[in-house]
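Work through the exercises below with the model open. Try each task before reading its solution.

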Amino acid sequence: MNRVLADCAATLDELRRHPAAVLATAGEEAVATLDEDKPAAYLISAQAFEELLERLDDAELADTVRQRHWEIGQAVDTTLDAL
């Protein structure tokens, strides 16, 4: 059995026939697209996708900060004018 990782689900046929209705019903939540009662894909709104990309970008920046924290001993004092 496959786990469905969304509160809303629609079959491929439902999505093909009424895509706007499926999205309206889901609101900002993800929709699991089912093929033969198994998740085939997940559909999210454009806003949710943008927020997801923003969070991924923030996570990457946080990782960079953590990595560079250990390099603080190699830092060189400078001024903005010198850059």
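**Exercise 1. The hairpin**

How many residues lie between S2 and S3 in the hairpin, and which residue in the turn has a positive phi?

Solution. Start with the source. This is a predicted model, in which local features need pLDDT of at least 70, side-chain atom pairs count only at pLDDT 80 or more, and totals for chains, interfaces and linings use all residues. Residues are numbered from 1 along each chain as its sequence is written, and side-chain values use heavy atoms, with hydrogens and water left out.

Step 1. Find the strands (DSSP runs of E, at least two residues, numbered from the N terminus). S2 covers residues 31-35 and S3 covers residues 38-43. They run antiparallel, joined by five bridges. DSSP must find at least two bridges for two strands to pair. Val31 stands opposite Leu43 in S3.

Step 2. Read the turn. Two residues separate S2 and S3, and Glu36 in the turn has the positive phi, about 55 degrees.

Step 3. Check Asp37. Asp37 is also found in the loop between S2 and S3. Its phi is near 65 degrees, a positive value in a residue other than glycine.

Step 4. Glu36 is exposed at 72%. Asp37 is exposed at 69%.

**Exercise 2. The salt bridge**

Which side chains meet in a salt bridge?

Solution. Step 1. Apply the cut-off: a side-chain nitrogen of Lys or Arg within 4 Å of a carboxyl oxygen of Asp or Glu. A search of the whole structure finds one such bridge.

Step 1. Name the pair. Asp13 meets Arg16, at 2.9 Å from N to O.

Step 2. Explain the spacing. Both sit in helix H1 (residues 12-17), three residues apart, so about one helical turn separates Asp13 and Arg16. A helix here is a DSSP run of H or I, at least four residues.

Step 3. Asp13 is partly exposed at 38%. Arg16 is exposed at 60%.

**Exercise 3. The negative patch**

Which residues gather in a patch of negative charge on the surface?

Solution. Step 1. Set the rule: patch residues have over 30% relative accessible area and no salt bridge, and like charges are joined within 9 Å. Asp and Glu count as negative.

Step 1. List the members: Asp7, Glu28, Glu29, Glu50 and Glu51.

Step 2. Asp7 lies in the segment before strand S1 (8-11). Asp7 is exposed at 75%.

Step 3. Take Glu71 for contrast. Glu71 follows helix H3 (46-69) and is partly exposed at 43%.

Conventions:
Buried < 20%, exposed > 50% of the residue type's maximum accessible area, 1.4 Å probe, protein only. Patch = residues over 30% accessible without salt bridge, like charges linked within 9 Å, V, L, I, M, F, W, Y side chains within 5 Å. Areas by Shrake-Rupley, 256 points an atom, 1.4 Å probe, with all protein chains shown as cover. Charge placed at Lys NZ, Arg CZ, Asp CG, Glu CD.
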